[in-house]
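This report describes a protein–RNA model by its contact surface, sheets, cores and loops. The sequence and structure come first.

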Amino acid sequence: MVRTRFAPSPTGYMHIGNLRTALYEFLIAKHNDGKFILRIEDTDKGRYVEGSVDVIYNTLRIAGLNHDEGPDIGGNYGPYIQSERKSNYMEYAKQLINQKKAYYCFCTKERLESLSKNISDEEVVTYDRHCLNLSAEEIENNLKNNVPFIIRQFIPEGETTFNDLVFGEITVNNSELDDQVLIKSDGLPTYNFANVVDDHLMEISHVIRGSEYLSSTPKYNLLYGAFGWDVPIYMHLPLLLNENGHKLSKRLGDASFEDLLSEGFLPDAIINYIALLGWSPSDNREFFTLDELIAAFDGGGISKSPSIFDKQKLVWMNGEYIKKLSPEKFYEMALPYLKVIKDEGISLKKLSEMVKTRVNFVKEIPDLISFINTLPEYQTDLYIHKKMKTTPENSLASLRALLGLIKNIDGFSEENLHAQISALISEMGVKNAIVLWPLRTALSGQPTSPCGGIELLSLLGKEESIKRLEKGIQLLEI
RNA sequence: GGCCCGUUGGUCAAACGGUUAAGACACGGCCCUUUCACGGCUGAGAUGGGAGUUCGAUUCUCCCACGGGUCACCA
C-alpha cells in the first residue's frame, strides 16, 4: 500500500514550492491507488501562526488535493497533529537511550555557544559529546533535580548510504553528522525525530520532500536503523527558485498560492504549471487535468536540478485555461467585470464572447470595454494607420459618408449594417479598411477594441454611434 | 569552509553513446483578419571549460569553474 504524507508546519504561508511537494505526494499516492495523508508538524511553538491550519486546508481543497486522512477528517493513524502525539516521542527516545543509541544532554545554552566560539568560521561546529559519558548516578541526580535536559542521537562511526528515487545512491561519512537533538528542552521532539517516528507509525511508504532535506537523510536512516524499522522510499524534489535564483520564500516576497489566486490565476492552471516544474512527462505533453496527472505521474522524469518559477509562463497558461473555459463558465466568471457597462441595452453575453480570447485574467475585462460607457479623449493621429492606408483626410471623408448613411438606417442589426456599409464602400470605390478603420476608431477612441467597427455600431446603437461619429468628424475638421 | 547535489538557448525542458540537439513561454517576421487578440507559418537563440574512454560524446570517467542545498533545542 502506497501511503504518502504532506507534513507542513502551520506558519501561515504556503508557497508554490510547498504546494508542488504536496502535489507530487498526492500524485504518487493516487497513481498507485494509495492514500494521501495530511499531518500538521507544529512542534515549534514559537513559529505557530494562528489560523494557518485553515490556510492549509483551503489550499488543498482549492487545489483539489484531497487528503484521505488528516486532523479534520481523522483516520486510523491519528492524531494527525504532532503536538497531540507528544507522549509518543519521549517514549521512543527513551527506548533509544536504553539501547545506547541516544543520550541525555544537560549542557546549557551558554556552554554550547562557547563551543562554537573557539572555532573559526571555516570549521563545522559539532557537539563535543560532553554528556555522552555521564555516569548513571549523575544522570539520575540531574533528572531528580529537574535539571533541564535534551536527548541527543548518538551517531556511530562508519558510513551511511541511502537510496533516493530521484538522486540515486548517496553515501556520507558519519563523521559529517552531528549528534542531533531528538527531544528539545520543552519536551517536544525536533522535526527530524518526530518525522521518523510518525512516518513509521503512520506507515508512510514514500517520503517525498524538497531536496533541502537530502543532507539530513543519513541521520534519518540511522534512526530507522536504531529502531530496527524499515527505511521508507525516499524521493527528494529539486527546489523551486525565484527569478533571482533563490529558494522561494515569503521573506523575499515570493507569491504564495493565495496570492496567485487573488491575482486571478485559475487553480487548475497553477497546478498544471507547477506540475511541469521539475517534472517532464514521457510524451512531453503540457496540458493536464489533475486526473490526467494522476495517470501520467509514475515517479519518473523528475529532474535533479532546480527550476526557476517563471510567472510569465504561468500567465500564458492561465490565458490558455481561460480559452478552454466553456462560454457559460467564462460568462459566469466574467460577469462581475462585465457589469462595469452602464448601458442596460448592451448584451453582456455578447461582450463576454468578444472578450474571451483577449484576456489572460478576467479582471482585465474592464480596461477592454470601459470605452463603451464613455468615449475616451483621443488624438487624431489614431486615424493614421500605415497598413490600412488611412490618413486624417480620407478618414474624414469616410466618417462623413458613414454619418450620412447611418442617420438613415433604422435596422441596426449587424447583417443590415454590414450590407449597407458594403454598398457604401463599393459606391465610394475605396478599400474596406479606408472606411472601417476610421469607423472603429471614431466609435472606440482607442487603437484597439474587442471587435470591429460594424459590431461596435450595433453594440452602441444609433444615437450613441452618431454622437461618436460627429465627434470624430469634429476632431478631424480642426 | 566541510559535506551533499546540480550545470542543454533569457525561462521550463526533450534527447538515457550515433538526431540537421525536440517542444513550450518570452522575443522578431510573415499570413489570416475591418483594429487588437485568437489561430497558422516562420526566424534568431543552448550542451560552462579542460582532459580522458570510444570509431563516435549532451549522454560515461576525472579535474576545474559556477550555482544551489546543508552544517539550529527551525521545519
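## Basis

This is a predicted model, in which local features need pLDDT of at least 70 and side-chain atom pairs count only at pLDDT 80 or more, while totals for chains, interfaces and linings use all residues. Residues are numbered from 1 along each chain as its sequence is written, and chains are lettered from A and ligands numbered from 1 in the order in which they are written.

## Surface near RNA strand B

There are 65 residues around RNA strand B, and Glu41, Ser185, Tyr191, Ser305 and Gly452 come nearest. A residue is near the strand if its C-beta atom, placed from the backbone, lies within 6 Å of it. Elements giving two or more residues to this surface include helix H4 (109-117), strand S6 (168-173), helix H6 (191-201) and helix H17 (432-444). H17 gives the largest share, five residues. Helices (H or I, at least four residues) and strands (E, at least two) are DSSP runs, numbered from the N terminus.

By residue class, the surface divides into 24 nonpolar, 24 polar and 17 charged residues. Here Ala, Val, Leu, Ile, Met, Phe, Trp, Tyr, Cys and Pro count as nonpolar, Asp, Glu, Lys and Arg as charged, and the others, Gly among them, as polar.

## Strand pairings

Three strands form an open sheet in the order S3-S4-S7, with antiparallel pairing. Its edge strands, S3 (102-105) and S7 (181-183), each pair on one side only. Pairing requires that DSSP finds at least two bridges between two strands. S3 and S4 (residues 150-153) are joined by four bridges, and Tyr104 has Ile151 as its bridge partner in S4.

S5 and S6 also run antiparallel, with six bridges between them. A hairpin of three residues connects S5 to S6. Phe162 stands opposite Ile170 in S6.

## Helix H7

In helix H7 (residues 217-227), the buried residues are Thr217, Pro218, Lys219, Tyr220, Leu222 and Leu223. A residue is buried if 20 or more other C-beta atoms lie within 10 Å of its own, exposed if 12 or fewer, and partly exposed in between, with C-beta atoms placed from the backbone.

The buried residues of H7 pack against S4, S5 (159-164), S6, H6 and S9 (233-237). Contact is defined by C-beta atoms, placed from the backbone, within 7 Å. Just after H7, Gly228 takes a positive phi of about 80°.

## Nonpolar cores

The largest nonpolar core has 47 residues, and Leu19, Leu23, Ile270 and Ile274 have the most contacts inside it. Helix H1 (residues 16-31) supplies the largest share of this core, nine residues. Apart from it lies another core of 31 residues, including Leu351 and Leu475. A nonpolar core is a set of buried Ala, Val, Leu, Ile, Met, Phe, Trp, Tyr and Cys residues joined through C-beta atoms within 7 Å.

Not counting residues up to four places away in sequence, Ile274 touches Ile16, Leu19, Arg20 and Leu23.

## Loop residues

Val49 sits in the loop between strand S2 (35-38) and helix H2 (52-63). It counts as exposed because 12 other C-beta atoms lie within 10 Å. Leaving aside neighbours within four places in sequence, Val49 is in contact with Pro10, Thr11 and Gly12. Val49 and Gly12 are 37 residues apart in sequence and 5.5 Å apart in space, C-alpha to C-alpha.

Lys100, in the loop between helix H3 (86-98) and S3, has a positive phi near 65°. Lys100 is exposed, with 11 C-beta neighbours inside 10 Å. Asn284 lies in the loop between helix H9 (267-275) and helix H10 (290-296), and its phi is also positive, near 65°. Asn284 is exposed, with 7 other C-beta atoms within 10 Å.

Note on methods: Two residues are in contact if their C-beta atoms, placed from the backbone, lie within 7 Å.
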